[in-house]
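Visitor: I would like to learn how to read charged pairs and helix faces in a model. Could you take me through one?

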Amino acid sequence: MPINQLGNSGLYVSQLGLGCMSLGTEEKKATEIVKKALDLGINYFDTADLYDFGENEEIVGKALKGQRDKVILATKVGNSWTPGKEGWEWDPSKEHILSAVKDSLHRLNTDYIDLYQLHGGTIEDPTEETIEAFEELKKGGYIREYGISSIRPNVIKRFVENSSIVSVMMQYSMLDTRPEEWLDYLHNNNISVIARGPLAKGLLTERGLEKLQEKFNGKSYLDYNNEELADLLPKLTQLSVEKPLQSSAFHYCLTHPAVATVIPGASSLEQLEANVSAIYEKGLGQDEYKAYKELLKQSIYETHR
């Protein structure tokens, strides 16, 4: 599995990571997926304290027992909840971060977190104290590096200019190209992009049209309606004639040097194996990449950006 450096850090992540949110709460099944991912060369595992209110971290921690030195383990912070109480609240305060990291370390059964990420962000946040918290955790050895998960330009710019983040996680795919306006900027600042949702909820796979009917019947995906997607997806598939569409979807994101890894989820071994098979397909050549760009420029989402 090819690996890429995360920013200018000492973290090297597999081009294909595992977004753990989709693992579910059936521990045996989730553990099988995590262990298989390791066997297939994936070394980057991304979870969050909010996923299943901490249960996801516990499952991932147990599944990685005895393999800790072989993986780059990432989790997220910024959402506070009370057991037994419905919902959660946004809390990027220093006090919360310094407290929440202890809970994540315990659930993950580890002494340190490789990449600790702020799980969101707004312009009203007390950013200085948020950064102070991450820097203190880094100096104390509780985390190796930190980043943010955000698509908001003002939040991204604030952290780039005032912190030592090594990564920004963004939803990025052929159907959601908003991050492209930031890729050069981040790359020039030695900050990597972690691309979540690279398959656009399964639309960018060979079963994309089936997923469209199953998941989005009567609904839209971002600015696309069903009719527009029903027109666009076959065109994308035709362009990907030499490889599965999901392979082209992964490599479309990875073409820009700012993108270090794509992290689709997997709720079954079959999905995981299909993702790994797709990443090993040959990447996109410049002509192929330009062809996808041209097609996407004609789509409704690009038109209304």
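Guide: We will go through salt bridges, then a helix face, in this predicted model.

Visitor: How many salt bridges does the structure hold?

Guide: Side chains of opposite charge can pair when their charged atoms come close. This structure holds 15 salt bridges.

Visitor: Which helix holds both Glu32 and Lys28?

Guide: Both lie in helix α1, residues 27-39. They sit four residues apart, about one turn of the helix. Glu32 is partly exposed, at 35% relative accessible area. Lys28 is exposed, at 60%.

Visitor: Which residue forms a salt bridge with Glu132?

Guide: Lys94 does, with the closest N and O atoms 3.5 Å apart. Glu132 lies in helix α4 and Lys94 in helix α3, so the pair ties together parts 38 residues apart in sequence. Glu132 is partly exposed, at 40%.

Visitor: Which residues are linked in a network of salt bridges?

Guide: Arg68, Asp114 and Arg144 are.

Visitor: Now the helix face. Which residues of α5 are buried?

Guide: Val155, Ile156, Phe159 and Val160 are buried. Seen down the axis, they fall within an arc of 130°, so they line one face of α5. They pack against β8, α4, β9, β10 and α6.

Terms used. Residues numbered from 1 in each chain as written. Predicted model: local features only at pLDDT ≥ 70, side-chain atom pairs only at ≥ 80, totals over all residues. Heavy atoms only, no water. Buried < 20%, exposed > 50% of the residue type's maximum accessible area, 1.4 Å probe, protein only. Helix = DSSP H or I, 4+ residues; strand = E, 2+ residues; numbered from the N terminus. Arc of directions from axis to C-beta. Contact = heavy atoms within 4.5 Å. Salt bridge = Lys/Arg side-chain N within 4 Å of Asp/Glu carboxyl O.
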